[in-house]
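Please have the sequence and the 3D view at hand.

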Amino acid sequence: MEKRQRAIGETYVDTMTLRTSDFNRQIVCNGRLRARAKSDLSFTQQGITSEIYVREGMHVDKGVLIASLDKRERLREVEKAERELQRAQVELADKLIGLGYGTDSTLFTPHSSLHKPVPEEVMKRAEVTSGYYSARYQLQTARTLLAECDLYAPFSGRIANLEARTFQRNDKVCTVIDDSQFDVEFKVLEAEYENVRKGRPVRIAPFVADSMQYDGVVTAINPLVDDKGLIKVTARLDNSGRTLIDGMNVRVIIEDEVKNLFVVPKDAVVERDGYHVIFLYQDGQAVWTYVDVLHSNISSFAITGCRRKETSIHEGDIIITSGNLNLADGTEVKLNQ
C-alpha cells in the first residue's frame, strides 16, 4: 500500500535531448476528389428502354454498349425510307432520259451507269425535282436515328447512378466516371503562396483512412486571391488500386524541408497565458520555458526561444515530451525508465 501511494504521488515523464535537425514544414489543406472525366449519359431521342447491359460499379471500356431503346419503329422507318429512295431513283432515271441522257437500268446509282456524263448542274436539278435528294436525306436520317437507339460508353470508366429501367422512358441512363485519375481542389493562404508551384509533389490521404496516402502533383494554381485571402490550387493523382471514389474528402499535404531547426513533438508544447511553453528537465524539476513556434506539421513543431519573453533554448537541453498539461514551473518529476 505504501509503495502504491508513493507511485500515485510521483510524476513520471518522457524526455528528449534537443538537437538541430531538418524539419518537414507542411501545409495541410482539405479538399475533395473530382474525377478527371465524368459524363451523365442519356439517349438523344425519346423511346422505351429495351435492354440495359451494365450495372452500378461495373468498369466498362470506351465503346462498350450501355443500353438500347426499342428499335421496331426505327427499323420500319428505315425500311420505308429505303423504298422511297428506290421510287425516287426511278423518277430520277425517267427525268434524265427525258433530258436525253440514257441509262442501262432505271434503278441505278447516279453518275455510275449513264451512257454519257450528265453536267453537274443538270444532275443536281434532276435530283431535287425527282425527289431523289430528299429521299436520300430521309434514309440517312432514319439510319442515324436507328443507330442512336444504342448508347455507348464515351470513354473507359466506372458506371454510377444507374437510373434507367427497362420497358420505361428514361430521361437519364447512368453516369460514367473515369476513375483512373482524380483532380483535387484545395485552397492555401496567401502567405503560403510562395511554397506552392506548378509541378510540386503533394501527398493526399482520405479522411476515412489516413494510412492510405497517394502521391500527386500540382497541375494548376488560380491566379486570384479570393475575399477570404485564399488561393485555389488543383493537384492530380493516379488512382492506383481503384480505392478512391469521386467526391471523397481528402487531406492534402505539401511538404518543404527546412534545415537546422530545433524540432520537438507537438505534445512537448503547451499554451499558457497566450504563449507557447515547453518544460525543460533540470535537477529533477520541470522548468517552465517560453518558446516561439516557427513551423508546424502533423506531428511536430519547429521552435526557438521566445522573442517577447527574451528566453532562449540550446542544443543539449533536455525537453519533457509527455504529461506537460499537468506540469507547472518547478514540479518535481521522475524519468520513465
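The points below cover a sheet, a group of aromatic rings and a lysine beside them. The model is predicted.

**The sheet**

- Three strands form an open sheet in the order β4-β6-β7, and their pairing is antiparallel.
- At the edges are β4 (49–52) and β7 (150–152), each of which pairs on one side only.
- On average, neighbouring strands of this sheet are turned by 20° against each other, direction ignored.
- Three bridges join β4 to strand β6 (residues 65–69) in the antiparallel sense.
- Ile52 has Ala67 in β6 as its bridge partner.

**The aromatic rings**

- The count of aromatic pairs comes to three.
- One of them is the edge-to-face pair of Tyr275 and Tyr290, with 5.4 Å from centre to centre and 70° between the planes.
- This pair links distant parts of the chain, since Tyr275 lies in strand β15 (residues 275–282) and Tyr290 in strand β16 (residues 285–296), 15 residues apart.
- Both Tyr275 and Tyr290 are buried.
- Phe279 and Trp288 also form an edge-to-face pair, at 6.1 Å centre to centre and 75° between the planes.
- Phe279 counts as buried because its relative accessibility is 0%, whereas Trp288, at 25%, counts as partly exposed.
- Tyr275, Phe279, Trp288 and Tyr290 are linked into a cluster by ring pairs.

**The lysine over the rings**

- Lys309 has its charged end over the ring of Tyr275, 4.7 Å from the ring centre.
- Lys309 also lies over the face of Tyr290, at 5.0 Å from the centre of that ring.

How values were computed:
Residues are numbered from 1 along each chain as its sequence is written. This is a predicted model: local features need pLDDT of at least 70, side-chain atom pairs count only at pLDDT 80 or more; totals for chains, interfaces and linings use all residues. Side-chain values use heavy atoms; hydrogens and water are left out. Two strands pair if DSSP finds at least two bridges between them. Helices (H or I, at least four residues) and strands (E, at least two) are DSSP runs, numbered from the N terminus. Axes are lines fitted to C-alpha atoms, for helices over the stretch in contact, and angles run from 0 to 180 degrees between N-to-C directions. Rings of Phe, Tyr and Trp (its six-membered ring) pair if their centres lie within 6.5 Å; planes under 30 degrees apart count as stacked, over 60 as edge-to-face and the rest as tilted. Buried means under 20% relative accessible area, exposed over 50%, partly exposed in between (1.4 Å probe, protein chains only). A charge sits over a ring if NZ of Lys or CZ of Arg is within 6 Å of the ring centre and within 35 degrees of the ring normal.
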